[in-house]
Each structure stands twice: as C-alpha cells, then as structure tokens.
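Here is a short briefing for a reader new to this structure. It takes the domains, then the ligand.

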Amino acid sequence: MLACTANAIDTADGMRTLRSADVHAEDYPTVQAVQFMNQQIQKASGRKLGIRVFSSGLLGDEAPLLQLVQSGELDMNRVSIQALDAIAPLSRVFSLPYLFRDTEHLHKVLDGPIGQEVLDSLPSQGLVGLAYYDAGIRNVYTVRKPILKLEDMKDLNIRVQPSEMSLMVFDLLGARPVRLPFAQTARALSNDLVDAAENNLPSYSSTEHYKHAPIYSLTRHTMSPEVLVMSKISWDKLSASEQAMLRKAARESVGIMRDMWQQREERVEATLKLSGVKFHELPKEQLARFTAAVQPVYTKFAGEPQQQALIKRIRALK
Ligand code: BDP
C-alpha cells in the first residue's frame, strides 16, 4: 500500500488536487462518477480545485485506506458501505442482508432523511459522507455447482468482504467464509483457495471472476450501496464555497452514476450469458429460508435502539 503524506497536493498549474481512491478500474461507474465530480469542480472553481482518482486499487484495499482518510493522509475514498461497518455503527444497517425490497426502495431510503442521518453520523468518525452510489444486488457465484437451496451453501469456501457482518452472514448460511481483499479474490478462485465468492454483476464481470466461477446463483443476499467519503480534516481545510461546490458536484454525480449503473448491469448480463455464465434463480421458499437463517445478524450488528428504529422506518417506507 502506498502511503500518502501530503494533503491536497498542488499540481504545476497551481490547482489543489484532492486524491481519491477506488478499487475499481477506470471505466467502472463509481470511478466515472468521481471523474465527473472532478470536471464539475474544476469548472466551478476556475481550475483552482480538482480531484485525482487513483483507480484499480492502486493505493490498496478500501478498508485499510479508510484509516488514512480518517487521519487526513488521503482525501477521499469510494468504498462499499460494508467497509464502514467497524467505524460507523449506524451505517451497518445498510449492509444488513435481505433488508431492501428493490432498487426503488433502496433509492427512497438513501435519498431521504434516513440516508442523510447515516451520513450525519460520519463526521464524528473523521469522515464526511458525500454521496451514495449504486451497487446492485450481491449474489453468490461458484466454481462447481449452483446454489439452489440452503443446503447447497454447506461447507462452501466462500470469499467475503473483510467485515465481521459478512463473516457471520455466511457462517449462518452454513458456508466457510474467508475474508479476503477484493484484489485477491480472482487468484483465490483460480487457485482453489475458495470455491465461491459473492458480488454484483458489474464487479463479477469487470474482475473476470466469471472465468473461474461461471455459475451465478441469485441469492440476492444484500443490496449494500457504495459511499463516497472524504476526510473531515481535508474537508475542514476547504473554504465554504469549495465545500458547496463539492456537495453540488457529488449530488449531481449520483444521477449520472445511476444511469451508468443501469446500462452497465444490462450490458454485462448479456455479455456474461454469451460467455457461457449460467444464471440460476432460487425458488421463493428457499429465499425465505436464507432470510430466516441470517436473522441473528440483525441483533448482533444492529441491535442498538437507534439502529432498530432505522430498520423499522426502512421497512415502513413504501
Ligand atoms: C464491490 C464494491 C467494492 C468492494 C467489492 C468487494 O464496489 O467497493 O470492495 O465489491 O467485494 O462490489 O470487496
């Protein structure tokens, strides 16, 4: 991992450049969304302020980089909200399995007061939440056999995100979860260290995990979104008008990202099918069993009254 020492480096032409990290490749919608923000703020500031995105995991994996963001050594990081689990307890609610009904429900929650409340809980942890981005639905993909019923999860060596909650979810489903950085997953699948992983379609495709694990079963276990966070230390160094520019650019990037995401999901589904990936739907009663099996996660990771109240409001939101 590359350590960043200076905060907001100056480029030759005197522009202050905020450095942002992303584990995804240059053309991935999350990276493109922050690139869009860069163009917007360069324009709005008369090229006094910009953002440089270090994509493809160049700076390292997302969870450890969050510490550099908290300490002001890195300005911004686009992460899966699961990466915040250990830092910001309220945000854990959005990573819970089988919570959101569909994309429309998720967007309503994120765009409304609940989404804002979770962002408002971040500054006390040294982070400023700028935007939520789409991450679709996460499903399990396997090397050998499809997941059609709960029993198929038994003893499956599955790569999961490095979070305590993911570990418990897959433990409860009967699997053997292995927490690995995103970048090591392809190697782990190709070397038989794991025989499954789980992710949304665009990530499954861009990482070429489908080449090693060509069976994609629609377990639909979480819709945890992405979030773009900024260092509170870097944020406080900006003027009020620069902060307003960033907020505006972040807001505008969300709609653009959602359009790119939808197109991307459709396109990759078609190309994955052409590449021979086999998709499997799970019967409704099996999804109900998966949902029932993971319920202890709600008490373990979101049992505090404030978290419980949020869950209730999310469920009540039509
Ligand atoms: C992708 C997220 C990325 C995570 C990755 C993972 O966009 O932020 O790091 O999943 O599984 O969908 O680690």
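Domain bounds here come from an automatic or database domain assignment. On that basis, the centres of domain 1 and domain 2, taken over C-alpha atoms, are 24 Å apart. The model is a predicted one. It holds a ligand, and the space taken by that ligand is the largest cavity.

**Domains**
- The protein chain is divided into domain 1 (2–134 + 225–266) and domain 2 (138–223 + 271–316).
- Across the boundary, 33 residues of domain 1 are in contact with 34 residues of domain 2.

**The shell around the ligand**
- There are 13 residues around the ligand.
- H24, E62, R159, N199 and E226 come nearest.
- Both domains contribute: the shell draws at least three residues from domain 1 and at least three from domain 2.
- By type, the shell residues divide into two nonpolar, six polar and five charged.

**Polar contacts and cover**
- Which side chains place an N or O atom 2.7 Å from an oxygen atom of the ligand?
- The side chain of H24 does, with an N or O atom 2.7 Å from a ligand oxygen.
- R159 does too, with a side-chain N or O atom 2.7 Å from an oxygen atom of the ligand.
- For R78, the distance from a side-chain N or O atom to a ligand oxygen is 2.9 Å.
- How much of the ligand's accessible area does the protein cover?
- On its own, the ligand has 320 Å² of accessible area, and the protein covers 99% of it.

Methods:
Residues are numbered from 1 along each chain as its sequence is written. This is a predicted model: local features need pLDDT of at least 70, side-chain atom pairs count only at pLDDT 80 or more; totals for chains, interfaces and linings use all residues. Side-chain values use heavy atoms; hydrogens and water are left out. A residue is near a molecule or strand if one of its heavy atoms lies within 4 Å of it. A polar contact is a pair of N or O atoms within 3.5 Å; within protein, one must be able to donate a hydrogen and the other to accept it, and residues adjacent in sequence count only if both atoms are side-chain atoms. Accessible areas come from the Shrake-Rupley method with a 1.4 Å probe; for residues, only the protein chains shown count as cover. On a 1 Å grid over the protein atoms alone, a cavity is a set of points where a 1.4 Å probe fits but cannot get out, and a pocket is an open set with protein on both sides within 12 Å along at least five of seven lines; lining residues have an atom within 4 Å of a point. A molecule sits in a cavity or pocket if more than half of its atoms lie within 2 Å of its grid points. Ala, Val, Leu, Ile, Met, Phe, Trp, Tyr, Cys and Pro count as nonpolar, Asp, Glu, Lys and Arg as charged, and the others, Gly among them, as polar. Contact means heavy atoms within 4.5 Å.
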